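Here are some reading notes for a colleague who is opening this entry for the first time. They are set out as numbered points, each of which can be checked against the view.

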Amino acid sequence: MAVLATALAGTTGTAGAAEPERLVVDLGTDTGPFHGGASGSLYGVYGDGVPTRNLLEGMHVRTVSTKAQDGPQHPGADALEILPPFVDSGGKDVYIYMTDIYRGFPYQWPGADGPARLADFKEKIRKQVRQVLTMGEYKDHVVYVPFNEPEGNMFGTGAWSYNKISWLNDPKDYFAAWKEVYRLIKELDPDARIAGPNTSVLYDQVKGFLEYAKANDVVPDVMTWHELSSPAAVRTNVARYRQMEKDVGVGPLPINVNEYGHNYHLSVPGQVVQWVSAIEESKIDADLAYWNIDGNLNDSAVEANKGNGQWWLFNAYGRMTGHTVEVTAPHPNQQYTLQGVATLDEDKRQSRALFGGKSGDADIVFENVDPKLFGKTVRAIVQEIPWTGQVGDSAQPLRLSDQELTVGADGSVTLPMTGMNEMSAYQVILSPGGNGGTPAEPSVGWRRTYEAENATYTGRGYSKNGPEGSPSQVGKFATSGMYNVGGLRTGSDGVLAFDVEVPQDGTYDLSVFANSYNLYDLVKEQGPTNVFLRVDGRDPQELRLPLGYKWVVWGHTDTTVKLTAGKHRITLAAQDPDLGVTKGDAIIDKIDLALRDERVTAPAIYEAEYATLSGARPDYTHPGASGPGTVPLPKGASATFWVHSPTDGESTVSVDHLGGGRGAISLNGEPLDLPKAGGARKGTDGFRLFLSGGINKITVTGASGALLLDRLRVTPSSGVLVPTVYQAESGTPSGAAKVTEAYGFASGGKAVTGIGDGKANALTLDVVAERSGRHALTIRYSNAEQAPATHYNPDPIARHTDLSVNGGPARRILFPTTFHFNNFWDLTVPVTLKKGTNRLTFTAEELPDFDGDTFNQYDQRSPYAPVIDRVAVTPLTRR
């Protein structure tokens, strides 16, 4: 049993020698403009919609490295297909791995000898560059990467190498090839940016590469290498490389470390924040490594539109502004200790710090707090970004405390943190104090974690698995407590019993962190493994546990239980006398238990002064504000909020303001047909909005006057935006499309399959709208198509449907894998409907390659739509 992090009341002055470890943020030492480069992704974007543009923009993904257009390396992630949605979502550059036009790794480039292989590659490079040149202004966001880890494959010693001689030992053939390819690209595209050498580590031989490149006028525009090492190596190697540049007399060049991190780190905010601190301090770009599935932002995205804890870490990181300041960790540049990054924005009069990596207690000390910016008191909000697993959705960061603190005579403020969890990251935001309203209550109260390995198991089949990922086993996945428990499977009589004790009567949120490997024999039959929950032997519930792409890939299944004050036994069993038996096989990591009190059920608060601002800055002079200030929004200025919704459905969004003008509201990038918020006096405007499950982008834009925006408050609601549900089997399948009863977890036991492989195999469905306008179309679907892989990456395929409304132009919608055809998820897209009956037509057919004359040879572009269970139609808005 472990207590998760809390924040105690802040103190002033400098902590004494007997205090806990200190992370010191020196607001008086400017270390350069905030860069934001750590939010890059290798193979993290599959196509437009996987992940959604909300996830891309909200994670502030700066760079993406991905495969050559039409390359057979993996399904999806084709460079020129992801380029427009990525750039339109705020992305800076797409790095094209030109070598990924070949299959396999090492790359299987054809030819009888090295020169023949290089000649084939040059022809493929010509085609790639010509394709890029058709992309209009988007081509300015392309960076060509001609070689990937050349010392290990194309110019290494293996069977698929140029001549079985590593360029690290004899570089002449690689250097000559680099010169030829570099000049070829520049000849075809004089404005091209070229990156390299893209080695697996920063070898000493890179200095020789720079010398050759300078002598032959083929210096890369961006220097790239991989850091599958540690955050400490990032700082050390960037400094070492900069010295190489000085010695050679080139640069300084932009740097992209376009692979970083390991399985043990990815998805874990407390681990990744250590990498972020090193990357930001080095002022470089860097891309999260691709160990698993394509299109989930390197274990940041869940389904199509949800984020886990790692996504929220990057959301917080990308919202930093101004310049970075010096952060002194208790163990500088040492991985698996408390590390952090911090900024100061003088225009916003705001400082932000992100930190983590340590369990237990520490003091977060802000020094040189400028009284001209902050005054004599500061408002400090402390948030926790917890680990929620690789495939586990996360709500917005937890508010641990919100308080006003007096700045000490020495210009410092200290926030003691107690009970921190090393898997969590934490954020502190400082703003001027003294003018705000009553500080908000914490958004969480009592909570506990109970490890499965400490629970009592009875019955057959028990296994204690682990240790899993650790600093010495970074290739394995992170696991709470490092161990997990197996035994709940088909044919088992196992019972896993957690003994818990709670402080008061009430309803408690219960999260079971679990995993089933989707391709494991016992799991293949049914899909989600079902187990049975009881409290003290009563109140049975059946739970379906999360699927993953490998073992030890964690998600969570959530429910509620009613408990009285005192001790209880919560059991997870493979059999239940009232509900049935388990089918499948699951491992259990832990359960989290949290009191569902008024702190949890209160509306989520999103303060305007903490939002993403454009053409506006906070004003801290209005005492009627709920937080430290307001944001005046003159015409055209905007405040953007990243709002979480646990499900697809209605929420009440309350816009609190202090008058001054009016503002328009948009949702997920599109204006809403709603009255303007605001007015002449202080007030609240309430709107019912359909929010997609996961991440929603709500923007308030000044329309007249200067609306003094205070905050948004968001809470799930019901009864106004009422969905109308249509079972897929009530529609009309045509051609090979048909109703199936093969998937028991489909609603009503029926769904429609076989849509696609030509427009004749379709599903038409008539839906009714009460009024004309924008509606949310929520499609419940499943998809488990997977392509043959060449190495360790599972290669699930995002199926698609081409949706036509009332015979209009079809819109292509991508559906990420659900890991099994009997595992159904919801995906919502906005559509325009006329009043009365509307006909929806779902079709699908395989897309050709970019030039339209060939098709993928490796079954990596599906011709099929997903299995469709049902659709729901809901008005998008109402005041």
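1. Helices (H or I, at least four residues) and strands (E, at least two) are DSSP runs, numbered from the N terminus. The model is a predicted one, in which local features need pLDDT of at least 70 and side-chain atom pairs count only at pLDDT 80 or more, while totals for chains, interfaces and linings use all residues. Residues are numbered from 1 along each chain as its sequence is written, and side-chain values use heavy atoms, with hydrogens and water left out.

2. Asp757 belongs to the loop between strand S49 (751-753) and strand S50 (763-769). Its phi is near 60°, which is a positive value in a residue other than glycine; most residues other than glycine have a negative phi. Buried means under 20% relative accessible area and exposed over 50%, with partly exposed in between, for a 1.4 Å probe and protein chains only. Asp757 counts as partly exposed because its relative accessibility is 48%.

3. Glu845 sits in another loop, the one between strand S55 (836-843) and strand S56 (867-875), and it counts as partly exposed at 32% relative accessibility. Contact means heavy atoms within 4.5 Å, and, leaving aside neighbours within four places in sequence, Glu845 has contacts that include Asp757, Gly758, Lys759 and Arg812. Glu845 and Lys759 are 86 residues apart in sequence, yet their C-alpha atoms are 6.7 Å apart in space.

4. Which order do the eight strands of the open sheet follow? The order is S7-S6-S5-S4-S11-S10-S9-S8, and the pairing is parallel, where two strands pair if DSSP finds at least two bridges between them. S7 and strand S8 (195-199) are the edge strands, each pairing on one side only. From one strand to the next the twist averages 25°. Within this sheet, S5 and S6 run parallel and are joined by five bridges, and Val64 has Val94 in S6 as its bridge partner.

5. Asn258 lies in strand S10 (residues 255-260) and counts as buried at 0% relative accessibility, whereas Asn198 lies in strand S8 and is buried with a relative accessible area of 0%. Their side chains make a polar contact of 2.7 Å, a term that stands for a pair of N or O atoms within 3.5 Å; within protein, one must be able to donate a hydrogen and the other to accept it, and residues adjacent in sequence count only if both atoms are side-chain atoms. Asn198 also has a positive phi, near 65°.

6. Helix H2 (residues 79-88) is mostly covered, with eight of its ten residues buried. The buried residues of H2 pack against helix H1 (53-59), strand S5 (63-67), strand S6 (93-97), helix H3 (114-132) and strand S7 (142-145). Just after H2, Gly90 takes a positive phi of about 100°.

7. Helix H6 (residues 231-248) and H7 pack at an angle of about 10° with their axes 8 Å apart, the axes being lines fitted to C-alpha atoms, for helices over the stretch in contact, and the angles running from 0 to 180 degrees between N-to-C directions. H6 is therefore roughly parallel to H7, since angles under 35 degrees count as roughly parallel, over 145 as roughly antiparallel, 65 to 115 as roughly perpendicular and the rest as oblique. Helix H7 (residues 269-282) and helix H8 (residues 309-318) have axes that come within 10 Å and cross at roughly 30°, so H7 and H8 are roughly parallel to each other as well.

8. Strand S18 (residues 377-385) has eight of its nine residues buried, so it is largely enclosed by the rest of the structure. S18 pairs in the antiparallel sense over eight bridges with strand S19 (residues 398-406), where Val378 stands opposite Leu405. S18 also pairs in the antiparallel sense over eight bridges with strand S21 (residues 425-432), and there Ser431 is the bridge partner of Arg379.
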